[in-house]
Amino acid sequence: QDMIDKYEELLNNYKIAVYSKEYTQPEYLMKLALQCADKENIEKYYDEFKEKNMYYPKSEFVKEFKKWLGKRFIMLDKEQNFTEKELIESMKIAYQRDGVKVFFIDNLMKIKLSFNNSKWDTQADLADALVNFAQFYNVPIFLVAHPNKPDGSKLTSYDISGASELANLAHNIMFILKLTEEEKEKLRKNG
């Protein structure tokens, strides 16, 4: 709980930069708003293509959320995926010019690695560069690294897809799991 409180304080008090090539900035903001909304600010609809219920934040909440986020949120963006060097350079600029103090990289697979060495060595070099950046500028960096396909057992740091240095060099590792409908129903019943 202490770690969660510290992260919440970071998000409330510091400028945030996000690198995500999975979504456009408007899409990313809507996903972020949905994750931050309480159940009174979420609407449900049935998606016929996906054949399941989908959720989105109410427009009034999104408006207030964007106002709250204000100029504290920037996307590190360009047309193509960043190389590892371009990513670190854009983070330096965001820190120095824009005063960014918290970085999110979503996700590792969207960084165009140079592969001067093997894939694993290049990922290890990136992990090392991110740790050096975090220590030099005294900032937290959240790197989304998806797990290998789980077999139903509890996830550990060894399940992170990629070079082992991703887990070995990390100062903290958090696992976020997507619950099945059955798990959600069980939580609702049990509180």
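## Aromatic rings

Across the whole structure, a search turns up 10 aromatic pairs; rings of Phe, Tyr and Trp (its six-membered ring) pair if their centres lie within 6.5 Å. In one of them, the ring centres of phenylalanine 133 and tyrosine 137 are 4.6 Å apart and the planes stand at 45°, so this pair is tilted (planes under 30 degrees apart count as stacked, over 60 as edge-to-face and the rest as tilted). Both residues belong to helix H5 (residues 119–137), where they sit 4 residues apart, about one turn of the helix. Helices here are DSSP runs of H or I with at least four residues, strands are E runs of at least two, and both are numbered from the N terminus.

Phenylalanine 133 counts as buried, with 4% relative accessibility, and tyrosine 137 counts as buried at 13%. (Buried means under 20% relative accessible area, exposed over 50%, partly exposed in between, with a 1.4 Å probe and protein chains only.) Tyr95, Phe103, Phe133, Phe136 and Tyr137 make up one aromatic cluster.

## About the model

This is a predicted model, in which local features need pLDDT of at least 70 and side-chain atom pairs count only at pLDDT 80 or more, while totals for chains, interfaces and linings use all residues. Residues are numbered from 1 along each chain as its sequence is written, and side-chain values use heavy atoms, leaving out hydrogens and water.

## The sheet

Next comes an open sheet of 4 strands in the order E4-E1-E5-E6, with parallel pairing (two strands pair if DSSP finds at least two bridges between them). Strand E4 (73–75) and strand E6 (141–143) are at the edges with a single partner strand each, so one side of each has no neighbour in the sheet. On average, neighbouring strands are turned by 15° against each other, direction ignored.

Strand E1 (residues 15–20) runs parallel to E4 and is joined to E4 by 3 bridges. Isoleucine 16 has phenylalanine 73 in E4 as its bridge partner.

## Helices around it

Helix H2 packs on the sheet, where H2 touches E1, E4 and strand E5 (100–106); contact means heavy atoms within 4.5 Å. Helix H4 (residues 84–98) lies across E1, E4, E5 and E6, at about 155° to E5. Such angles run from 0 to 180 degrees between N-to-C directions, with axes fitted to C-alpha atoms, for helices over the stretch in contact.

The axes of H2 (residues 25–36) and helix H3 (residues 59–69) come within 10 Å and cross at roughly 100°. Residues meeting there include Leu29 and Met30 in H2, and Phe61 and Val62 in H3. By class, this contact has 9 nonpolar, no polar and 1 charged residues (Ala, Val, Leu, Ile, Met, Phe, Trp, Tyr, Cys and Pro count as nonpolar, Asp, Glu, Lys and Arg as charged, and the others, Gly among them, as polar).
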